[in-house]
Each structure stands twice: as C-alpha cells, then as structure tokens.
Amino acid sequence: MLDRIRSRRGALEILDQRLLPGKISYVKARTPAQTAAAIKDMVTRGAPLIGCTAAYGYALALSGKPPRSAAALASRLDNAAKILKAARPTAVALAYAVDRLHGKAMNFLAGHSGGLDAKTHAALKKLVEREAAAVFQEDVDANAALSAHGAGLLPDGCAVMTICNAGAMATAGMGTALGVIKAAHRLGGISQVYACETRPYLQGARLTMFELMREKIPSTLITDNMAAHIMKTCGVAAVIAGADRIAANGDTANKIGTYMLAVLAKYHGIPFYIAAPAPTFDMTMRSGKDIPIEERSSHEVCFIGGVEIAPKGARARHPAFDVTPAKLITGIITEKGVISPVSRANVRRALGASATRVFAREKTAQTC
Ligand code: MRU
C-alpha cells in the first residue's frame, strides 16, 4: 500500500487523498500549522491516520532554530498542540496523539528550565519523534490484532457491507473495518464487499474500492441509498464500520450514514459491528450526546468535483459524522477482543486504563 505519510528532507509529506484514485501526489508540511491545515482540508483523513499525522506534525515544532529559553519553546509547543487539536473535532485520536506527545515534551522541559542549549533541544526532538513513531507503530499493531479478532466473527465466504474508508488509507496499518474484511478474506474468503460510496467525500468509492481492488477482494460499489435494497436482496451477513470516537457507554460516532446502516441492519436481522482501536474510546463522554459532531461546509454537498449540482444559493447541511446508539451495535471489535453485548460495564472491563481521556471538550455549532 502507498505511504500515507512519510518524512523527506525535514518535511512531512502527506498523501493527498483528495486526488485518489486518479493521482498519487504528496502535500508537504514543514510546520504544525501546515499539518493542521492539511488535516482540516482533508488532504489526509481517517481517525487513526489523523492522529499519526498530527503526532509527526507536532514534532515539526522542534525543527529549525531552537528558541533561546525553555519557556519560549514551551509556548511554541503549546501553540502547536492547540492548532493541531483544533483541526477536526470528532476523531479523538487527534487529541489523544497530540496530548500524549505534548505531555512528554512538557515533562521533559519541566526538568530543563532556564536557557536551552542545542544538545537539550536535540534530545527533546528525539524524544518527541520517538513518541510519534510509537503512536504510529501501536496503530499498526492494533490494526493487526483487531483484524484477527474480527475475522473470527465472519462466516467463511460471506458478503459484508461497509461505509466510508476504514482501511490502510485511514490508519497506520491494514485498517480497522477494512482490516477485518482483509483478514477474513485471507482466512475463509469474502464473497462480496458492498462498499457504500459515502457522499459527499466519496471515501467509499474512491478509497475503499481502491484498496479492495488492489487486494483483489471481490467488491461492488453502491450508492448510499442502495443499502436497504442490497441488505434485503444480496445476503449480507454483516455490516462493519470504523469509528471516530466511542463514548463510555459504547455509543459510536463514525462517518455520516453509519447510523442509517445500523438501523437498516437491525431491521434486516444483520449483525452490525464497529472495529476500532482502544484510543478511540473517550471515557470522558458519558454517551454519544456528548460527542462533538463536525459540521463541514455545505459547499462540499452542493458541488461534486467542482461542478455545482444544486441550484445556486440552495441551503444544505454537512454534518460529517453521526452517532450510532450502542443498542444497535452487535459488537465492538478492538485489539483487546470483542466487546459484546455493548454496555458501559463491558466497555470499562475491556478497556481498563487504555481508554482515552480528553478533558478539553470541543463545541461545534449545529443548526437544524
Ligand atoms: O471524514 P473522514 O474521512 O476522516 O472520516 C473517516 C471515518 O469516518 C472513518 O470511518 C473513521 O475515521 C475510522 S477510520 C479507521
């Protein structure tokens, strides 16, 4: 699979997913602000990959000439953490990664007040870069472990449905929902993956189909409004989706349209699974009602590939995520095993200390 992020001559190169599958091109970021802009503008996307990108973007604050004092460097790092965390509000992996690196850096600086020599600065840079690499590697490992757990849930040769892209293009590794599908295909064969196109950004059409076809997994692209018909007529054995943030009771925020699939799956008696690594759980959110839902520009709904598809001036909404209630989720597949039934007690038991705790709550305006 293509590199989604890579380091080249002091810059972070980010695969421009907006151009896939037509063009393979990288956007360069040399500062945390440029990294935050790339995340906000959807150059890269997918919760775990946003977290990894932000981690390496934070490390860029330590490139170039070091400031004279530890206090000046702390203020530069505070600013980097703030702008990166503000890039997108729903995926908790972003805050998780930035808080983790920022905490390490601040602890280090606490022991080095006063002047800042080049050696100390270089030691901090190394520490932060090592932590960014750890965030990346942990996601690779979590993807592999949860994919193996999830594959065991699927009958051999079954058909499944997914939405958005929760594959390699959204993670550091083989993917979450798509990781499960890939692992199941290696084990017993998947007869068909129905990939919802995922309006308005078309992550399903552009990225999931790209990955599935490269892996030679039988796959069929459907528009989002075909989901009920396909569930009724095509023997779909399971629906599997990723997650951007999971509340302490198991309510799950994921790409807009996921909730619709969960309701449809319930009606058709089809198991509905969420696949996500432990840092996706935010134990400070009691339920899905607390999860901030990103409201993106309505321009993204009214235009496709630069062509306006609604009357000029049409009012449109673009909530980028929705929340699926825990009671519609058959199981949450994590690297620690499968949480099923999904309840507050089972989430706490499965996750223990490894769940994410993000204390700064973001608020997003929502207008109905
Ligand atoms: O807006 P996006 O493309 O960042 O949304 C991505 C999703 O909703 C994914 O399903 C989710 O981040 C899980 S990725 C493993």
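How many bridges join strand E2 (residues 11-15) to E3? Four bridges do so, and the two strands run antiparallel. The structure is a predicted model, in which local features need pLDDT of at least 70 and side-chain atom pairs count only at pLDDT 80 or more, while totals for chains, interfaces and linings use all residues. Residues are numbered from 1 along each chain as its sequence is written, and side-chain values use heavy atoms, with hydrogens and water left out.

Helices (H or I, at least four residues) and strands (E, at least two) are DSSP runs numbered from the N terminus, and two strands are taken to pair if DSSP finds at least two bridges between them. Strands of a sheet pair through backbone hydrogen bonds, either parallel or antiparallel.

Strands E1, E2 and E3 form an open sheet in the order E1-E2-E3, with antiparallel pairing. Its edges are strand E1 (5-8) and strand E3 (26-29), each of which pairs on one side only. On average, neighbouring strands of this sheet are turned by 30 degrees against each other, direction ignored; axes are lines fitted to C-alpha atoms, for helices over the stretch in contact, and angles run from 0 to 180 degrees between N-to-C directions. Between E1 and E2, the antiparallel pairing extends over four bridges, and Arg8 has Ala11 of E2 as its bridge partner. The hairpin of these two strands has two residues between them, and Arg9 takes a positive phi near 45 degrees there. On the E3 side, Glu13 is bridged to Lys28.

A second open sheet has four strands in the order E11-E8-E9-E14, with mixed pairing. Strand E11 (281-282) and E14 stand at its edges with a single partner strand each, so one side of each is left without a neighbour in the sheet. Strand E8 (residues 245-247) is joined to E9 by two bridges in the antiparallel sense, with Arg245 opposite Ala253 of E9. E8 and E9 form a hairpin with four residues between them, and Gly250 in the turn has a positive phi of about 95 degrees. E9 is also joined by four bridges to strand E14 (residues 321-324), again running antiparallel.

The space taken by the ligand is the largest cavity. A cavity is defined on a 1 Å grid over the protein atoms alone, as a set of points where a 1.4 Å probe fits but cannot get out; a molecule sits in it if more than half of its atoms lie within 2 Å of its grid points. Helix H2 (47-59) and strand E9 (252-255) are the elements that give two or more residues to the shell around the ligand. Of the 18 residues around the ligand (a heavy atom within 4 Å), Ala47, Arg88, Gln203, Asn254 and Lys255 come nearest.

The distance to a polar side-chain atom is 2.9 Å for Arg45, 2.8 Å for Arg88 and 2.8 Å for Lys255. The protein covers 99% of the 410 Å² of accessible area that the ligand has on its own, as computed by the Shrake-Rupley method with a 1.4 Å probe.

Terms used: Polar contact = N/O pair within 3.5 Å; in protein donor to acceptor, adjacent residues only side chain to side chain. 1 Å grid on protein atoms, 1.4 Å probe; cavity = no way out; pocket = protein on both sides within 12 Å on 5 of 7 lines; lining within 4 Å.
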